[in-house]
Amino acid sequence: MSVLPEGFVQYHFRTAIGGFFEIPTANAIRILPPHLQPVEPHHGQSVLSVMAFDFHDSLVGAYGELIYSVHVAPRLAPGGRLPRAAFYPFLLGTTTKASREHAIERWHLPHFMDDIALTFDRGPHDIRINAAHGGKPIVDMHLTDHSWENVSHNYQCHMHDAAGSYQSTIVMEGPFSESEDERGSIVVHDHAFNAALDRGEINTTPFREMWLKDGLQTFHPLQLLVAP
Amino acid sequence: MAHQTLPPESTPPPPDAPASNGAMSEYDYSNFFYSSSDDLFTIFGAYDDWWYGHAREKGYYLFYQAMSTAPKPRIELEEGLHHEKRALLNLASYNYLGLSYHPEVIAAAKGAVDQYGLGAAGSPTLSGTMDVHVQLEQALARHMGKEAAMVFPTGYSTNVGLISGLVRPGDTIIMDQNVHASIVDGAILSKANTRFFRHNRPDELDRKLRDVKGKKLVIVEGVYSMDGDVALLPEMVAIAKKHGARIMIDEAHSGFVYGPTGRGVAEHFGLDDQIDIHVGTFSKALGGMGGYVAGSKSLINYLMGFARSRVFSCALSPVVTAGVLKALEISEREPQLRERLWANVAHLRKRFADAGVDVAESTSQIIPVMIRKDPRVFAIGEALLNAGLYLQPIIYPAVAKHKSRFRISVSSVHTPELLDSAADILIDVLQREKIL
């Protein structure tokens, strides 16, 4: 087993799923810091991705994670390569305090500051997640699979907090399914976790569904883009 | 507060870094639309790497191949990778009634070039309107059963000029998510609030119209160009009217082929008088180029002043205008062209049904042959080309992921024998490629 270079961090997951939903760009712009531009699949419509991870091995043990992101234009240096996509996670919820503190300190990722409950109900060709907090539901999402292939995908992740703006490359590896069959669904509940979203304006059917099984997530070292 | 801006990542990761496969070969146009950098041209490097290093040879060369004949059922074109001339069966051209090279159309165009020269030499608002333009607009209004019609230089500029000329910031446009890019671009230019409803879903249109205040325009197409399915127009019209919205239909692919007299899908459903704005093109069934709006005299009069894509463009070439005028006359005079088209569509559909070819929800003369396995579509396109059949691959992002396809455009000038030959090639290739 090779030793990771300094600054790289790996997280092993059993399940990583993501649903992409259209939201009004006005909502996306309210969420994004000024230096980031939302990607619009349709004019006036930006992309909310709702992702859920079931990590079984990491620096901070096993935990579940719910991530809300807005997709943004990737940064590109002269001669550089474009990532598969770039996104700005604007709120994460985790099932353990240790994972939350780790992600805030290490990656400057904004968190819901209390444990959430996250359940994965896996079928042979579909999967349901239910996230809740304090006995109240946050979000229910149902996604389906299509066809599976082994992949290694590069993503660009943007972070922003009082200390500055950052980016990191995230590599996702494992058996992967992606489709635009519009067979999934989402219910976004009335909960403080969802306060940044215009719930009535979220398209309840994902235009894209992604699913990785038994894979590996690798964070590259954080880069400071804008410092105070 | 002073900020220090640092450059984005430009150094490669260390050699012992984990695999960092950008999977450039799997990228598509959508990966290169957005980027953020300090120089507008930075994207060119990444795009060139993709295009010349991966995309072109992978199969994108199948686009932009140059044809050296009229878009007849048998054509000659230069294959895009090795630049070899190929004689092919053609099921890719829009020429639904075969009028682009009809002898009378060609004669009309030749007469016009002698009379008017090549171009209109002016905007229609100024010196560019010629008597042949007026004749075409009058003939169109009569054909459509409307008070007036207006001709635009292209189909694209028709939608852009119409929508941005009529709709204002604060108004709301609600359109099917599969409408043509020209409709979307017109909506963007209008600066109106825009909403998309899921394709051909009246319930979604109803949901999107709820609580919308002020002026509203609903936009659908007669036949959708990628799927070949027909708008659920009766339901759409009823919902639009319930909410007090005006309704516009773009009959680019259905004008002159649908309806008892060829007025389009609106006529097919008996809803001609319920539609507020009719749009169409001359580049499909009539085999020319340009577009039109038909409706009330007041609508056309207003657009004369405010459809900027028309006001600030040179008028449609009088040569093309004369050809289109003759093509319209032939389409009215010879309903048997439409009858032959629909007989051909039925013939080809039966061949496909018998062989189990997946044509999705299509019911029109546009027949998508669904491949669905995106990575395979270019290889199949190349196999079809090598076997003598010209079809265009349609891939993401023009259609959704795993919805890749070949799009067939049936014409009245195809013969059953030629359609059988084309079907034989297609079915054989799909079987060899294990799609069937």
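Let's start in the loop between β7 (193-197) and α6 of chain B, where we find Asn200(B). Keep in mind, everyone, that this is a predicted model. Asn200(B) isn't a glycine, and yet its phi is positive, at about 55°. Is Asn200(B) buried or exposed? With 22 other C-beta atoms within 10 Å, Asn200(B) is buried, because 20 or more is what it takes to count as buried.

Now hop along to the loop between β9 and α8 of chain B, which holds Phe256(B). Here is another residue that is not a glycine but has a positive phi, this one about 70°. Phe256(B) counts as buried too, with 28 C-beta neighbours inside 10 Å.

Next, please look at helix α7 of chain B, residues 233-242. Which of its residues are buried? They are Leu233(B), Met236(B), Val237(B), Ile239(B) and Ala240(B). If you look down the axis of α7(B), those buried residues fall within an arc of 165°, so they line one face of the helix. The spacing makes sense: an α-helix has 3.6 residues a turn, so residues three or four places apart point the same way.

One last stop, friends: the loop between β14 (392-394) and β15 (405-409) of chain B, where Pro397(B) sits. The peptide bond leading from Tyr396(B) into Pro397(B) is cis, and its omega is near 10°.

Notes:
Residues numbered from 1 in each chain as written. Chains lettered and ligands numbered in written order. Predicted model: local features only at pLDDT ≥ 70, side-chain atom pairs only at ≥ 80, totals over all residues. Buried ≥ 20, exposed ≤ 12 C-beta atoms within 10 Å, placed from the backbone. Helix = DSSP H or I, 4+ residues; strand = E, 2+ residues; numbered from the N terminus. Arc of directions from axis to C-beta.
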